[in-house]
Amino acid sequence: MTGGVSSSNSSTRSIVWFQRDLRVEDNPALAAGVRSGEVVAVFIWSPEEDGPFYPGRVSRWWLSQSLLHLDSSLRSLGTSLITKRSFDTASTLLEIVHSTGATNLFFNHLYDPLSLVRGHRLKELLTAQGITVRSFNADLLYEPWEVNDENGSPFTTFAPFWNKCLSMPYDPAAPLLPPKRITSGDVSMCPSDTLVFEDESEKGSNALLARAWSPGWRNADKSLTAFINGPLIEYSVNRKKADGATTSLLSPHLHFGELSVRKVFHLVRMKQLVWINEGNKAGEESCNLFLRSIGLREYSRYLSFNHPCSHERPLLAHLRFFSWVTNEGYFKAWRQGRTGYPLVDAGMRELWATGWLHDRIRVVVSSFFVKVLQLPWRWGMKYFWDTLLDADLESDALGWQYISGTLPDGRELDRIDNPEFEGYKFDPNGEYVRRWLPELARLPTEWIHHPWDAPESVLQAAGIELGSNYPLPIVEIDAAKARLQEALAAMWQLEAATRAAIENGTEEGLGDSSELPPIDFPEEVHMEVDHEPFRNNTNSPAVDRRHEDQMVPSMTHSIVRADEEEVSADLGNTAGDSRAEVPSNINFDAEVRGEEIDRGSVQTVRNNVVPHFGPARLQSPAEPTVDSSSSRTERDGGVVPVWSPSASSSRSEHFVADDTGIASSGYLQRHPQSRQLINWRQLSQTVTRSWEVENAVQPNAFG
């Protein structure tokens with residue numbers, strides 16, 4: 001991939017722009033800069049460009065530590081990392097080019113829609129200034145456009161996609177070694193800005209994270225080696241256990257690019273070959289399952305590239321008509337771990353305290369959110385984004401779409417998994433629940449996952465008063481099932497009526513819900529609006545929103561390190577915590593129509609406005625759709641689709657439904673098969689459901 005950079009021009013000065021590739025090994029952009037001549041290594045902090053997806057506290061902490069580690073590594077090789085605070089990445093890079101005299105810019109491209117748009121506009125701006133701009137793949141085994149079905153179309157389900165990856169005629173590129181030394185460019189006229197990632201109120205909580213996690217690419221490499229030589233062999237047996245360190249814990253390292261996915265793949269494959277030669281079937285199966293986790297991460301980028309609004313909209317057309325419940329009381333109880341279902345509550349309190357969740361628990365809490373509480377899946381996805389150490393837009397979108405049944409091979413929306421049964425499956429001895437719910441610590445294992453059924457004498461002996469020091473179930477499972485069936489029936493009726501109206505020429509778009517009252521998202525909840533009807537739960541009391549609503553009830557709990565060290569974390573002082581709140585301040589009208597980006601939700605940057613696909617309000621179908629142009633550029637032996645939305649665009653691409661799926665304007669019209677929204681009713685009834693509950697996994701939760 002980096003072979004296109006000539007090594008003969010040793011006097012060339014190049015900027016290497018780091019994004020989520022914070023490592024010096026297997027970094028194609030860095031390797032290209034080193035071969036080209038002098039290197040100016042740059043990181044630009046411009047979170048406002050990401051609109052609603054401003055990184056949460058724990059994610060910002062990890063980034064700050066990883067940057068320090070990277071700077072130390074670069075200094076040992078002969079250069080340093082220039083850090084800049086910006087509201088316009090492209091303009092800042094242009095300023096760096098002028099101040100350093102660089103003639104090249106190298107970076108590793110990403111696959112989320114925001115990064116694709118930003119990267120293309122960057123190339124346009126700098127190329128117009130005579131700067132050579134090249135980007136490389138450092139995040140995937142194969143580029144998304146390299147993996148297609150026999151008809152040359154993108155896959156729409158995971159299993160055939162991953163099978164194709166494993167059967168490609170050529171292996172993923174071998175990881176590159178770190179450079180032996182780096183010749184530094186003159187940066188005397190380009191001083192670094194001091195980047196601030198935390199305020200005083202966050203430092204105490206962040207100090208606890210430092211005792212449990214070790215960011216940085218060298219530490220990532222150590223963690224990978226320890227996992228392969230240790231827990232990997234029993235991964236197939238232990239991966240379902242939520243009550244211990246049974247997973248790799250590599251996903252934060254992978255998200256920030258501290259760890260090369262190609263290196264992970266090759267090392268695990270080599271270990272698998274050793275075990276195959278030894279006849280170790282358990283080890284072989286463990287490798288298959290772990291590589292499948294890698295495949296899910298690959299698929300999340302593949303899905304995001306081919307369906308750029310997958311973090312906003314369901315990929316199955318009919319689910320746009322599902323009427324979600326917008327109940328702030330439910331949302332608050334779920335966030336605080338006060339739903340009355342012990343496994344769900346334990347998971348949410350662990351998430352708040354540590355920024356981490358076992359992948360099984362992620363599935364449990366998100367399934368409960370969507371199917372029992374019937375809250376909009378984008379609310380849950382945004383909360384995960386705000387609180388997870390490994391928050392990852394593509395992976396989180398895939399996980400929540402899967403749980404919500406909005407993928408062709410996702411879990412059916414009408415399938416509710418009882419948290420009680422899930423508890424005994426993933427936490428059979430109740431140790432996980434006892435660790436995070438100290439109020440239930442004395443409850444016998446027989447009742448630990450359903451305390452509401454325990455005899456009064458047992459509850460008294462355990463010091464539990466249901467409804468007082470531990471809540472009763474917020475929703476009965478049987479009632480949730482009945483309510484879900486009613487909502488599904490209403491969804492199919494609305495879809496049928498809308499399609500009939502479209503066919504009769506009396507209605508355009510996705511249906512007429514103009515009689516529905518406007519519904520607001522919870523205060524300080526920055527979420528976009530999909531083309532889906534919502535409904536309020538009128539039986540729930542009004543919620544008085546204040547900062548403390550976000551807080552978990554006061555308690556003392558533990559963070560367990562990978563090396564089993566336990567540290568105490570006191571969450572009693574909630575008043576002083578200024579952790580980023582869950583979405584809010586979004587008004588939307590409930591008409592099921594096109595979307596328009598809220599210009600006020602992100603600070604306007606200078607001459608390079610990057611449209612985001614975030615907080616939106618619904619627009620009238622009479623408003624014109626903004627066309628997007630695209631081109632294809634040959635780069636490093638691959639064909640990279642280049643996005644070029646109109647600079648005046650203020651909205652995500654408008655989708656229009658028809659019987660064959662959903663297509664959009666511009667790029668999507670020219671490539672209809674690659675971005676088609678799938679109609680569930682046209683899918684084969686024999687589609688393999690490859691993510692059933694036994695194998696369900698949130699794609700960013702490695703281990």
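**Close-up views of a predicted model**

**View 1. Helices α5 and α11 are roughly perpendicular to each other.** In this predicted model, the axes of helix α5 (residues 158-166) and helix α11 (residues 281-306) come within 10 Å and cross at roughly 110°, and because angles of 65 to 115 degrees count as roughly perpendicular, the two helices are described in that way. On the side of α5 the contact is made by Phe158, Phe161 and Trp162, while α11 contributes Leu291, Arg292, Gly295, Leu296, Glu298, Tyr299 and Tyr302.

**View 2. A salt bridge joins the side chains of Glu25 and Lys263.** Side chains of opposite charge can pair when their charged atoms come close. The structure holds 25 salt bridges, and in the one shown here the side chains of Glu25 and Lys263 meet at 3.0 Å, taken from N to O. Glu25 lies in the loop between β1 (12-18) and α1 (28-36), whereas Lys263 belongs to helix α10 (residues 261-278), so the pair ties together parts that are 238 residues apart in sequence. Both Glu25 and Lys263 are buried.

**View 3. Glu49 and Arg118 form a salt bridge between distant parts of the chain.** The side chains of Glu49 and Arg118 meet with a distance of 3.1 Å from N to O.

**View 4. Within helix α20, the side chains of Glu495 and Arg499 meet in a salt bridge.** What separates Glu495 and Arg499 along helix α20? Both residues lie in this helix (residues 477-503), four residues apart, which is about one turn of the helix, and their side chains meet at 3.2 Å from N to O. Glu495, at 1% relative accessibility, counts as buried, and Arg499 is buried too, with a relative accessible area of 14%.

**View 5. Asp139, Arg297, Arg301 and Asp392 belong to one network of salt bridges.** Here the salt bridges share partners, and in this way they join the four named residues, Asp139, Arg297, Arg301 and Asp392, into one network.

Note on methods
Residues are numbered from 1 along each chain as its sequence is written. This is a predicted model: local features need pLDDT of at least 70, side-chain atom pairs count only at pLDDT 80 or more; totals for chains, interfaces and linings use all residues. Side-chain values use heavy atoms; hydrogens and water are left out. Axes are lines fitted to C-alpha atoms, for helices over the stretch in contact, and angles run from 0 to 180 degrees between N-to-C directions. Angles under 35 degrees count as roughly parallel, over 145 as roughly antiparallel, 65 to 115 as roughly perpendicular and the rest as oblique. Contact means heavy atoms within 4.5 Å. Buried means under 20% relative accessible area, exposed over 50%, partly exposed in between (1.4 Å probe, protein chains only).
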